[in-house]
Amino acid sequence: MSRVTLVQWKMLAAVVDHGGFVRAAEAIHKSPSSINHAVHKLETQLGVRLLDTSGRQLRLTESGEMLLRRARQLLESADTLEAVADSLSGGLEAEISIAIDQILGPEILCYALDRFSAQYPHTRIQLHEAVLNGGIEMLLDNRVDLLVCGLPVPGYLGELLGTIRFIAVAHPEHALHQLNRPLDLRDLRQHRQIVTRDSAQREQNDSGWLKAEQRWTVSHVATCLDILARGLGFAWVSQPRVQPLLDSGQLKALPLQAGGVREVPLSLYINDVEGAGPAVQAMAEALRLEFRP
């Protein structure tokens, strides 16, 4: 057991911050004698002189400065702990779990997470980056509180956040670009398509045009983009993910006669709308704000 209490450290801090026992007593609503007693008892228990009262102005000793500096960290942690406890007692979730389809760009997601964290810094987040039915499966299994995806979820009413464009792209030096003419599906069949695998465990679904004779299937959009940037295939990739590579010239949109760009509605799903706690509601609102003009 600790020999001293947080209350004693608070009293010492008050004496130092307010320049004496009388002013400290007024600030923390204690009698000067009780503060004086607490501080002297603190010195006795620690066996260290904390205050120098020899001069006209009360000040900390060198040892007192070091110990109080560390004690202030304890006091701050204790205040934070009490604030978290108050939030939890009021229904705030200690942790929330969300599934976000990989078609959403990392920039939007990070802005939303940062906005949420500013409001609820002590709520932990379990983030699952899903593909196609993977996030839907997690929502239906009650493994996530919130889902953002581009597919309808049976039994749920989604809230439309916005529309995500998918663009057919390849490296500027890829053979498809060297044809120097509008392309059709017959051209694509002769080249390797890169596909991101459905992350669902039970019912996986292929999405997009998949009639290329050669096909590589990967688990993450980042891997797909890396392969594309090396000139090893073509793919349809969501604009939030691919735009930085288009801007830098590492990838180039394929000049398809039709189907080069397609749009997917991106929706927000809350597992339990009526029972959602403040953290889930705040995370949902943070995502909404990123899509508002």
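Axes are lines fitted to C-alpha atoms, for helices over the stretch in contact, and angles run from 0 to 180 degrees between N-to-C directions. The model shown in these views is predicted.

**View 1. Helix H1 against helix H2.** Helix H2 covers residues 21-28, and its axis and that of H1 come within 8 Å, crossing at roughly 115°. The crossing is right-handed. On the H1 side the contact involves Met11, Ala14, Val15 and His18. H2 contributes Phe21, Arg23, Ala24, Ala27 and Ile28. Sorted by class, the residues of this contact are seven nonpolar, one polar and one charged.

**View 2. Helix H1 against helix H3.** H1 (residues 6-18) packs with H3 (residues 32-46) at an angle of about 115°, and the two axes lie 9 Å apart. Angles of 65 to 115 degrees count as roughly perpendicular, and H1 and H3 are therefore roughly perpendicular to each other. H1 and H3 cross in a left-handed sense. From H1, the contact takes in Gln8, Trp9, Met11, Leu12 and Val15. The partners on H3 are Ser34, Ile35, Ala38, Val39, Lys41, Leu42, Gln45 and Leu46. This contact of H1 with H3 is made up of nine nonpolar, three polar and one charged residues. Met11 and Val15 of H1 are named in the contact with H3 and also in the contact with H2.

**View 3. His29 in the loop between H2 and H3.** Most residues other than glycine have a negative phi. His29 is not a glycine, yet its phi is positive, at about 60°. The residue sits in the loop that links H2 and H3. Is His29 buried or exposed? Exposed means over 50% relative accessible area; His29 has a relative accessibility of 71% and so counts as exposed.

**View 4. Leu132 in the loop between E4 and H6.** Leu132 also has a positive phi, of about 55°, although it is not a glycine. Its loop runs between strand E4 (124-130) and helix H6 (133-140). The cut-off for buried is under 20% relative accessible area; Leu132, with 15%, is therefore buried.

**View 5. Domains of the protein.** The domain assignment gives domain 1 as 6-90 and domain 3 as 163-264. Domain 2 is assigned in two segments, 95-161 and 266-290. The centres of domain 1 and domain 2, taken over C-alpha atoms, are separated by 44 Å.

Terms used: Residues are numbered from 1 along each chain as its sequence is written. This is a predicted model: local features need pLDDT of at least 70, side-chain atom pairs count only at pLDDT 80 or more; totals for chains, interfaces and linings use all residues. Side-chain values use heavy atoms; hydrogens and water are left out. Helices (H or I, at least four residues) and strands (E, at least two) are DSSP runs, numbered from the N terminus. Angles under 35 degrees count as roughly parallel, over 145 as roughly antiparallel, 65 to 115 as roughly perpendicular and the rest as oblique. A crossing is left-handed if the near helix is turned anticlockwise from the far one by less than a right angle, and right-handed if clockwise. Contact means heavy atoms within 4.5 Å. Ala, Val, Leu, Ile, Met, Phe, Trp, Tyr, Cys and Pro count as nonpolar, Asp, Glu, Lys and Arg as charged, and the others, Gly among them, as polar. Domain bounds come from an automatic or database domain assignment. Buried means under 20% relative accessible area, exposed over 50%, partly exposed in between (1.4 Å probe, protein chains only).
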